[in-house]
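Have the sequence and the model side by side before reading on.

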Amino acid sequence: MFNFLKKPMDKKSFIYSPVRGKLKDLSEVDDEAFRSEKMGKTVAIEPLENTIYAPVNGVVKGIFPTCQSISIVSDSGQNILLHIGVNTHLLNGTGFISHIHKDDKITVGKRMLEIDREMMLSNDYDPTILLIITNSSDYQDIKVLKDNLVQVKDELILIEG
């Protein structure tokens, strides 16, 4: 009914890797909501570094108070949830340093967050980075372009339609 209010979506766009790491099969993620992709197309990355970078050009729409979850709207129209770790909300912000704020304009590769992977691992928290496209159903096709190691700013996901 109000489709004229929706931002037009690009026909083809990319989401870039927010971290240097190793792609994980979703079956290895110890959280049913992420594993089942109930929230949208999900990519899991085991981080090999502590810095998380912007995966798109866009705007930060929200940051969870404990910094483990960031919502972004890309300039191409994707709604992206970047979730750091499984059950890391229980850390109450320990091990997270944010370099962004709500409503910040971001560009691919901008430093957004520092995490303490070693602390997470030593306290039995999984630091897996989960990138979820929460409006996946708006697109004809979403393809993950990598299958193993990724570097920051690698083309990770192709979105069409």
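**Core, sheet and single residues**

The largest nonpolar core has 34 residues, and M112, L113 and I157 touch the most other members. A nonpolar core here is a set of buried Ala, Val, Leu, Ile, Met, Phe, Trp, Tyr and Cys residues joined through side-chain atoms within 4.5 Å. Buried stands for under 20% relative accessible area, exposed for over 50%, and partly exposed for what lies in between (1.4 Å probe, protein chains only). At least two residues of this core come from each of β3 (41–47), β6, β7 (79–86), β10 (111–115), α2 (117–122), β11 (126–133) and β14. Another core, of 8 residues, lies apart from it and has F34, A44, L81 and V86 among its members. In soluble globular proteins, nonpolar side chains tend to be buried together.

This is a predicted model, in which local features need pLDDT of at least 70 and side-chain atom pairs count only at pLDDT 80 or more, while totals for chains, interfaces and linings use all residues. Residues are numbered from 1 along each chain as its sequence is written, and side-chain values use heavy atoms, with hydrogens and water left out. Helices (H or I, at least four residues) and strands (E, at least two) are DSSP runs, numbered from the N terminus.

Which residues does L113 touch? Not counting residues up to four places away in sequence, L113 is in contact (heavy atoms within 4.5 Å) with N50, T51, I52, C67, I70, I84, F96, I97, S98 and H99. One of these, T51, lies in strand β4 (residues 51–53). T51 is buried, its relative accessible area being 13%. The side chain of T51 also makes a polar contact of 2.9 Å with that of E114. Such a contact is a pair of N or O atoms within 3.5 Å; within protein, one must be able to donate a hydrogen and the other to accept it, and residues adjacent in sequence count only if both atoms are side-chain atoms.

A second polar contact, of 2.6 Å, joins the side chains of S74 and Q78. S74 belongs to strand β6 (residues 69–74) and is buried at 2% relative accessibility.

Turn now to the sheet. Three strands form an open antiparallel sheet in the order β1-β14-β12, where strands pair if DSSP finds at least two bridges between them. Because β1 (12–16) and β12 (141–144) stand at the edges with a single partner strand each, one side of each is left without a neighbour in the sheet. β1 is joined to β14 (residues 155–160) by 5 bridges, and K12 stands opposite E160 in β14.

L158 is found in β14 and is buried, with a relative accessible area of 10%. Leaving out residues up to four places away in sequence, L158 touches K12, S13, F14, D141, I142, K143 and L145. The C-alpha atoms of L158 and I142 are 5.8 Å apart, although 16 residues separate the two along the chain.

F14 is partly exposed at 25% relative accessible area. F14 and Y16 form a tilted aromatic pair, 6.3 Å centre to centre with 45° between the planes. Rings of Phe, Tyr and Trp (its six-membered ring) pair if their centres lie within 6.5 Å; planes under 30 degrees apart count as stacked, over 60 as edge-to-face and the rest as tilted.

Two loop residues remain. E37, between α1 (32–35) and β3, has a positive phi near 60°, and D103, between β8 (96–98) and β9 (105–106), has a positive phi of about 75°.
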